[in-house]
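Colleague: I have a chain to learn from today. Could you take me through its fold, its rings and its sulfur links, one question at a time?

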Amino acid sequence: MLLMTLKPWLAISILFFFFISNVIGAFVGINIGTDVTNLPPASDVVALLKARQITHVRLFNADAHMLKALANTSIEVIIGVTNEEVLGIGESPSTAAAWVNRNVAAYMPGTNITAIAVGSEVLTAIPNAAPVLVPAMNYLHKALVASRLNNQVKVSTPQSMDVIAKAFPPSTATFNSSWNSTIFQILQFLRNTNSYYMLNAYPYYEYVHSDGIFPIEYALFQPLSAVKQIVDPNTLFHYVSMFDALVDATYNSIEALNFSDIPVVVTETGWPWAGGSNEPDATKENAETFNNNLIRRVSNDTGPPSQPKIPINTFIYEMFNEDKRPGPISERSWGVFSTNGSDVYTLGLGSSDSISDNSSTAFCVAKPGADENKLQDGINWACGQGRANCSAIQSGQPCYFPDTIQNHASYAYNDYYQRMHSLGGTCDFDGTATMTTQDPSKF
């Protein structure tokens with residue numbers, strides 16, 4: 001790829017991110033890009049990941065601050081070799097060994113690094129590096145073997161759908177013949193090292209470039225009417241979503257080169273929530289619909305029609321809006337979180353942690369629009385003289401995000417109220433608080 005307002009509690013557990021192992025089934029993780037003007041400190045990013053129960057992340061580079069902050073969290077991490085690094089690593093085993101020692105071995109086992117993504121869409125983004133891509137993968141793997149990390153850390157390389165000549169119908173999909181030699185070598189490497197194919201698949205782009213051939217409902221995982229059903233004429237498989245068709249096209253392209261038993265993991269997918277005047281489909285409504293339906297789709301632990309028993313592990317693109325990226329407005333509008341931890345748009349919520357150890361059916365929260373100076377005074381009193389436990393809203397802690405006075409005040413007010421109302425404590429705080437019967441952690 002060329003390349004949320006969280007209501008009020010970070011302690012919310014979001015349904016769309018699932019704890020996964022190879023035994024349990026599919027997971028939805030998230031990509032973390034760094035072309036962000038006000039990127040939060042790594043400790044705050046990890047606090048947000050933990051609070052949202054996000055258990056799998058992909059880093060586009062081997063960021064030392066993030067790798068340190070991810071230590072002892074059990075979060076599974078894919079780290080990226082940047083496109084700029086591929087050439088040097090592909091030409092020098094010693095450079096590959098140094099990269100592994102510096103960016104992988106140095107952080108394990110504390111940081112749960114599970115894979116190295118070599119470049120990003122190298123074959124289509126920097127085709128001149130294609131001759132050294134597989135050597136780079138081999139050198140990195142050999143360095144992992146030397147460090148005795150090859151069983152824990154797999155090596156692969158994310159590719160876009162552009163390496164597939166024609167994705168529909170999926171049954172006849174094949175890789176672009178100009179890349180056959182390199183892709184054959186990639187698949188050979190993946191099979192020999194028990195790794196997986198990394199796919200960047202964007203129904204948004206496929207829909208936009210389809211010139212109306214496919215209905216938008218198909219791209220958004222929405223039900224199709226009888227006259228709009230998408231059926232592969234060769235297999236008669238019904239494709240209820242473009243996402244499934246893209247994954248199946250990839251499996252069939254792999255099979256066309258006589259490889260099997262290589263799982264496909266979707267390392268990038270998503271939908272932009274804003275765009276320019278010539279990008280009418282990049283809207284919050286569509287982004288919300290796509291990602292919520294994606295989460296439901298992945299969570300059913302099934303594969304696409306041709307591979308129903310292989311769940312589709314998937315990483316949403318992306319955590320924050322990368323506002324430094326060039327190009328159209330949509331290019332800077334993929335993030336699901338704002339940098340203060342709030343949601344860009346509403347996503348399906350699951351079970352939530354209680355906001356204090358003394359919760360009840362009545363809750364004390366900050367009034368919307370209350371004066372921020374008075375709210376800060378209320379926080380200071382509740383967390384001090386009022387003896388509320390405000391540790392959870394400190395920087396780096398589970399309920400720090402969203403980093404707003406309103407959010408922190410609601411937490412402090414309610415913690416105080418739940419502890420003290422039976423002893424005469426009230427919910428007033430100089431007129432800045434109000435009672436509600438709605439659990440704020442479920443807003």
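**Sulfur links, sheet and rings**

Modeller: Keep in mind that this is a predicted model. Number the bonded cysteines of the protein chain in sequence order, and the pairing reads 1-4, 2-3.

Colleague: How many disulfides does a search of the whole structure find?

Modeller: A disulfide is a covalent bond between the sulfur atoms of two cysteines. Cysteine 364 and cysteine 427 form one. Cysteine 383 and cysteine 390 form another. The search of the whole structure gives a total of 2.

Colleague: Which handedness does the disulfide of cysteine 383 and cysteine 390 have?

Modeller: The sulfur atoms of cysteine 383 and cysteine 390 lie 2.0 Å apart. The torsion about their S-S bond is about -85°, so this disulfide is left-handed.

Colleague: And the link of cysteine 364 and cysteine 427: right-handed or left-handed?

Modeller: Here the sulfur atoms of cysteine 364 and cysteine 427 are 2.1 Å apart. With 85° about the S-S bond, the link is right-handed.

Colleague: How many residues apart are cysteine 364 and cysteine 427?

Modeller: Cysteine 364 sits in strand E10. Cysteine 427 sits in the loop between helix H13 (405-420) and strand E11 (433-436). The pair links distant parts of the chain, and the separation is 63 residues.

Colleague: Is cysteine 383 buried or partly exposed?

Modeller: Buried means under 20% relative accessible area. Cysteine 383 has 30%, so the label is partly exposed.

Colleague: What is the average twist from one strand to the next?

Modeller: Take the sheet strand by strand, in the order E5-E4-E3-E2-E1-E9-E8-E7-E6. From one strand to the next, the twist averages 25°.

Colleague: What is the bridge partner of valine 28 in E9?

Modeller: Strand E1 covers residues 28-32, and strand E9 covers residues 314-316. They pair in the parallel sense over 3 bridges. Valine 28 has its bridge partner in E9, and that partner is threonine 314.

Colleague: At about what angle does helix H3 run to E3?

Modeller: Helix H3 (residues 83-91) lies across strand E3 (76-81) and strand E4 (113-118). Its angle to E3 is about 75°.

Colleague: On to the rings. Is the pair of phenylalanine 168 and phenylalanine 214 edge-to-face or stacked?

Modeller: The structure holds 22 aromatic pairs, and this is one of them. The ring centres of phenylalanine 168 and phenylalanine 214 are 5.7 Å apart. Their planes stand at 75°, and planes over 60 degrees apart count as edge-to-face. So the pair is edge-to-face.

Colleague: How far apart in sequence are the parts tied together by tyrosine 205 and tryptophan 334?

Modeller: Tyrosine 205 and tryptophan 334 form a tilted pair, 5.8 Å centre to centre with 45° between the planes. Tyrosine 205 lies in helix H8. Tryptophan 334 lies in the loop between E9 and strand E10 (363-366). The pair therefore ties together parts whose separation is 129 residues.

Colleague: Is tryptophan 334 buried or exposed?

Modeller: Tryptophan 334 belongs to an aromatic cluster that includes Tyr205, Phe60 and Trp271. Its relative accessibility is 0%, so tryptophan 334 counts as buried.

Terms used
Residues numbered from 1 in each chain as written. Predicted model: local features only at pLDDT ≥ 70, side-chain atom pairs only at ≥ 80, totals over all residues. Heavy atoms only, no water. Pairing = 2+ DSSP bridges. Helix = DSSP H or I, 4+ residues; strand = E, 2+ residues; numbered from the N terminus. Axes fitted to C-alpha atoms, helices over the stretch in contact; angles between N-to-C directions. Contact = heavy atoms within 4.5 Å. Phe/Tyr/Trp six-rings, centres within 6.5 Å; stacked < 30°, edge-to-face > 60°. Buried < 20%, exposed > 50% of the residue type's maximum accessible area, 1.4 Å probe, protein only. Disulfide = S-S within 2.5 Å.
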